[in-house]
Amino acid sequence: MKFLSSKIKQFLLLLLKLIVVGLAFYFIKSQLAEKTLDWNIISTTLQQENATFFVAILLILTFLNRFIEILKWKNLAQTIMPTTIWESTKQVLIGITFGIVTPNGIGEYAGKAWFYPKKEAGKVVFLNAVCNGIQVIYSVLFGLIGTLYINSLHPFIPEKYLFLFFGGLFLAVLLLCSIKNIQIKGYSLQTLIDHLKNINASVHRKNIFLAFLRYVVLVHQYFVLYTLFGIDIPYFTLLAVVASIYLLASSLPNFQAIDFALKGSVAIYLFGFFGVDSWIVTVVAALIWLLNLVIPISTGSIFLLVFNPKKT
């Protein structure tokens, strides 16, 4: 019976892997089929004299974007058990693969927790929230700065809505501070603060630094691509638009598989203020999606089929 039970578990594990991988590639295929890229724009751009240099920089930034995320998770995961870069790589890429088939990538939490004993699942989820949370904070902070700057150049948000937003944000912070000790099912804001304090300060500092570095890498991927396509927008203005795109698009519930479509539509609207061709905006959004999501998911799918997380 134990042998039979073991065989059933192996079969169910393989079935789960195949379902996740199948759904991941189904989403990718469906999105690629819906978006027809203007290959003439791409081929013409790649024939430019300095194209090779920009492509090389773009590939380096693409590698760094995911590698920094791997370092971030390695830094946090070591609070549970010693973790190598290779182990962190498998956990991050498999987590991304799980995340693509769930809203806002929540499957990533389960993908990473799969590598650890069940008793550590809660801590893995918490650490993953810390890993992603600091990235969200940077996105919101720089996104607000970018949105306000773009709005000062080309008003698209009425002032009364800005006042309402910041007023509501201020009241929300006051409310959270006033109820931090109120418990819901044994948990409170103070409990979260206490858990954060239990993590070594050096781990927090490294996480904050790596998250900032990853954000810088990410926005400069856009800068390199728009420069490659000949878009002449002042450096800080371009970064402000990109920061605003991430804030506005990320505030809406979405699947990672359609992430580029959502960010692309927001980008077309904002870059329209600066006369950027919508086709170029669409191509850039699709390329960012391919580089930052499709390639890691393809690798993660191979890892998911080859490696058994429970034996890691």
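The model is predicted: local features need pLDDT of at least 70, side-chain atom pairs count only at pLDDT 80 or more, and totals for chains, interfaces and linings use all residues. Residues are numbered from 1 along each chain as its sequence is written, and side-chain values use heavy atoms, leaving out hydrogens and water.

**Lys-72**
- Lys-72 sits in helix 3, residues 51-77. Helices are DSSP runs (H or I, at least four residues), numbered from the N terminus.
- Lys-72 has a relative accessible area of 0%, so it is buried (under 20%; exposed is over 50%, partly exposed in between; 1.4 Å probe, protein chains only).
- Its side chain makes a polar contact with the side chain of Gln-135, at 2.7 Å. Such a contact is a pair of N or O atoms within 3.5 Å; within protein, one must be able to donate a hydrogen and the other to accept it, and residues adjacent in sequence count only if both atoms are side-chain atoms.

**Transmembrane annotation**
- An unreviewed UniProt entry marks transmembrane regions, including residues 50-68 and 125-149. Such annotations may be inferred rather than shown by experiment.
- Residues 50-68 are 95% helix and 0% strand, with end C-alpha atoms 27 Å apart. A strand is a DSSP run of E, at least two residues.
- Residues 125-149 are 100% helix, and their end C-alpha atoms lie 35 Å apart.

**Around Leu-169**
- Leu-169 belongs to helix 7.
- Its relative accessibility is 38%, so Leu-169 counts as partly exposed.
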